[in-house]
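Colleague: I'd like to learn how to read packing from a model. Can you walk me through it?

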Amino acid sequence: MSFFAMPTWEPPSGYRIPAWLRPPETMIPGIVPVELLLARTDTDAVLVTHLRAYPTGLEFILTARPHPDQLEQRGHDPDRPHRFLYHDLWLELRFADGHTPSTDPRSWPRTFETEQPDPPFLYYHGSGGSERGWHSTHWLWGLPPPGPLTFVCQWPATQLPASGVEIDASLVLEAADRAVPVWPTG
Amino acid sequence: MVWVRIGWCLHPSRRSCRSRRLRTVGPPGSSRPPTWSPGILPVELILARTPQRAIGLTGIRAYPTGFGCTLHLRLREVIPGEQSNFGAFNMFGDGVDPAGEFADYYLRFGVGFADGRKATNLNQRWDFDESPAPDPPTLRLVRWEGYDLLAWEVDVWVWGLPPPGPLVFACEWPARGISETRVEIDAGPVLEAAGRAVPIWPDQTPP
Amino acid sequence: MVPGVVPVALLVARTDTHAVLVDNLLAYPTGFDFDLAVRRHPRQPRQHHGRAHLWGDELRLEVRFADGRSADNDPRSWPRPAGDQPPDPPVLYQSTSGPDGGHVWLWGLPPPGPLFFTCQWPAQQIPPWEAVLDAGLVLAAARRAQTLWPKETSA
């Protein structure tokens, strides 16, 4: 008699994270046509790219990348193992109406996973990297109002002062208007 | 090659060293008791061997609540084009029917007790937190670590000690040419080793 | 190869809050590997590392042979590879590390006599501690390692 019996399949649980923590699944985003260099020093650069807008919010990727000349040094520098270097890279968005959603989890309401927070709310879906760079995927729930929209980063581990880039929020809002459902209704 | 290329990274900067660790602290039963030092029974078995692959087992690290052992997955030489570790660590996840088209790629490993109870890696309980602890024995893969495709170590935790009598280790990996094999040892020395486990702190409560 | 098992779990350090264990010692003809396991007293809460920490904060381990040769897990003491030549043993390589410890491979077998494990962990207030293992147990386990395929290249 066989020792092993393959288990019966249990279909996936169907759990999805709440709608306010992710882009709408059934829409094609509008692409925001900018690539942002938030900060650049001799050793590192911080970028925001892949901005994709929906009626409910904005998705983008934050990337931190070392200058190629840094790679050899960082691979062997015991005082700065790469896995810790990106630990305190923070991002804050500044809206024209004064809101400042940020990636600092301490600014998130405690019940954000079960109760819909007031927009805007800046969430992140995951991060990863190596000594060649770090990237994280972010979801801003709640679109900015018209006017200036500033992306500001802070990175104490590299002594980077707060620095950022301002764009016109209309680029995001127009892209959000271009988002379309995958399956048209009617 | 001047030295055995098993478990040795040629240079510290070589990126081929990979490891993955699952959480090793959890409710009682999900892993070895953290505040005990195990009794060791030196067991070194070759569970399966083909011209290309072998599965070894070393252990036993015994505690009052169960025992750990290590599977050693060995590939004799890199096989171009083959995803050699596909299915080795049961990582198929949601959405994949384990008895479906990939079934043969699952590496199966299990233990069988003399009273007929057995536990295999096919019903690993990931969610000890959310449900009452299952009846022993249960079996989990708790760590796997490798240096290249040729050598991987998989730590196994079995919750529940065997009764006296034969203790069977079974494995099977159909897609890799390893048909079901069973190796038997005497559970007596395992139980004696569990009796040699000691608590690390004298003032701690029993597990 | 399937390694030989060293039948000892070694308590290398213990304070009121933490202990360090050398566990799962497996020996080969060329060296041995083990888990460097950190255990916490049940009443000790789990710390979350909210700050980036430097290498000096991590658990330091040194292994010393009876003839005085030693190796440690400070990455600054890793030998620079010289072509295809193996480094002089012993060399200690810690392949993973984290708050629960890590996994260590020691290249080179010890001579008979005492085998010393010394550890310290300033960040967790563990001062230098030392434990001794009879190297004969490691050598006996290494002799029990089994070759899987007879023509396997070996040193």
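This is a predicted model: local features need pLDDT of at least 70, side-chain atom pairs count only at pLDDT 80 or more; totals for chains, interfaces and linings use all residues.

Colleague: Which residues is Ala62(B) in contact with, leaving aside neighbours within four places in sequence?

Modeller: Its partners include Phe67(B), Val190(B), Ala193(B) and Ala194(B).

Colleague: How many residues has the largest nonpolar core?

Modeller: Such a core is a set of buried Ala, Val, Leu, Ile, Met, Phe, Trp, Tyr and Cys residues joined through C-beta atoms within 7 Å. Buried means 20 or more other C-beta atoms within 10 Å of a residue's own; exposed means 12 or fewer, and partly exposed is in between. Here the largest core has 84 residues, and Ala62(B) and Val20(C) are among those with the most contacts inside it.

Colleague: Which residues of helix H1 of chain B are buried?

Modeller: Helices (H or I, at least four residues) and strands (E, at least two) are DSSP runs, numbered from the N terminus. In H1(B), residues 187-195, the buried ones are Ala187(B), Val190(B), Ala193(B) and Ala194(B). Seen down the axis, they fall within an arc of 115° (taken over directions from the helix axis to the C-beta atoms), so they line one face. On the other side, Glu192(B) and Gly195(B) are exposed.

Colleague: And is Glu58(C) buried or exposed?

Modeller: Glu58(C) is buried, because 22 other C-beta atoms lie within 10 Å.

Methods. Residues are numbered from 1 along each chain as its sequence is written. Chains are lettered from A and ligands numbered from 1 in the order in which they are written. Two residues are in contact if their C-beta atoms, placed from the backbone, lie within 7 Å.
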